[in-house]
Amino acid sequence: MSKKIMCPVCIHHCVLSEGQRGRCGGRKNENGRIVCANYGKLTAIMPDPVEKKPLRRFYPGSRILSIGSFGCNLSCPFCQNHDISMAKEEEVPYRLCSPEELAELAYSLKSRGNIGVAFTYNEPLIGYEFVRDTARLVHERGMKNVVVTNGSVELPVLKEVLPFTDGMNIDLKGFTQEFYRKLGGDLDVVKAFIREAAGHCHVELTTLIIPGENDSAEHMRQEARWIASIDPGTPLHVTRFFPRYRMTDREATDVEKVYRLRDIAGEYLKYVYTGNC
């Protein structure tokens, strides 16, 4: 009988038999080793304005080649990219792309205003090896790397990519353990991730405001205070929810609620932006 192995990458520490994939769908036990099963398998690739990541204070006005694969280690019922983030490999079309090919493609677009590569759309850090290997080559070409992440991986994984990361947008999905448990996450892990990242690269945070879930004024006050304790200059994006995926049972967030929460956060933070309003 083959030996089961624990995946060390994220908070779930899946124990996998030979051939078995983890909860995220992007890692598996292959020949007695935990490997990145979505390495170089791109389901999305397109140049985007950097503001769409969203990053408002990182090379504004630039474009960045944005890529995604499949899989995610959280189970957010409101996911906007569920068609790839919640998909299994056999359920979604992809193209194979090596780190060398992707870095060269990014460089070829430099004359059109491209500043580098953004790893986004699904959860990129479940496949941190591809992020690390590609980002190193992007840096060698004098370009920038951005990671858009839920921050729900262990710190050794973050430290693998930080030397090659210039900017991050990290989802801070709420500010209670209860809400994170609903998503299969852990608030303390995300807070530790944010603290570590903030000391090494440009960081912006995003909180999607979902009616009846994470829209408490007091929780936003606590969140903003905590962010300010790290750096009051950290940009926060307070974003309006629209019904998606498995959360079509409620209305979009009231715009005035988003503005009120923005104003509360603005009592503690220098840069607070609204999204989807």
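Helices and strands here are DSSP runs, numbered from the N terminus, where a helix is a run of H or I with at least four residues and a strand is a run of E with at least two. The model is a predicted one.

With these terms in hand, helix H3 covers residues 128–140, and its 13 residues reach 18 Å from the first C-alpha to the last, close to the 18 Å expected at 1.5 Å a residue. Because 10 of those 13 residues are buried, H3 is largely enclosed by the rest of the structure. The buried residues include Tyr 128, Phe 130, Val 131, Leu 137 and Val 138, and also Glu 129, Arg 132 and Asp 133. After H3 comes Gly 142, whose phi is positive, near 75°.

The sheet is open and is formed by eight strands in the order S6-S7-S9-S10-S11-S12-S13-S14, with mixed pairing. Its edge strands, each pairing on one side only, are S6 (44–49) and S14 (272–275), and neighbouring strands are turned by 20° against each other on average, direction ignored. Within this order, strand S11 (residues 167–171) pairs with S12 in the parallel sense over five bridges, and Gly 167 stands opposite His 202 in S12. Helix H6 (residues 187–198) packs on the sheet, where it touches S10 (144–149), S11 and S12, and its direction makes about 165° with that of S11.

Strand S12 (residues 202–209) also holds Ile 209, which is buried, with a relative accessible area of 0%. Leaving aside residues up to four places away in sequence, Ile 209 touches Asn 214, Asp 215, Met 220, Val 238, Thr 239, Phe 241, Thr 253 and Leu 261. Ile 209 and Phe 242 are 33 residues apart in sequence, while their C-alpha atoms are 9.4 Å apart in space.

Helices H7 (residues 217–230) and H8 (residues 255–265) have axes that come within 9 Å and cross at roughly 35°, and H7 passes H8 in a right-handed crossing. The residues that make this contact are set out by helix below.

| Helix | Residues in the contact |
|---|---|
| H7 | Ala 217, Met 220, Arg 221 and Ala 224 |
| H8 | Leu 261, Ile 264 and Ala 265 |

By class, the contact of H7 with H8 has six nonpolar residues, one charged residue and no polar residues. Met 220 of H7 and Leu 261 of H8 belong to this contact, and both are also among the residues that Ile 209 touches.

Notes:
Residues are numbered from 1 along each chain as its sequence is written. This is a predicted model: local features need pLDDT of at least 70, side-chain atom pairs count only at pLDDT 80 or more; totals for chains, interfaces and linings use all residues. Side-chain values use heavy atoms; hydrogens and water are left out. The expected span of a helix is 1.5 Å times one less than its number of residues. Buried means under 20% relative accessible area, exposed over 50%, partly exposed in between (1.4 Å probe, protein chains only). Contact means heavy atoms within 4.5 Å. Axes are lines fitted to C-alpha atoms, for helices over the stretch in contact, and angles run from 0 to 180 degrees between N-to-C directions. A crossing is left-handed if the near helix is turned anticlockwise from the far one by less than a right angle, and right-handed if clockwise. Ala, Val, Leu, Ile, Met, Phe, Trp, Tyr, Cys and Pro count as nonpolar, Asp, Glu, Lys and Arg as charged, and the others, Gly among them, as polar. Two strands pair if DSSP finds at least two bridges between them.
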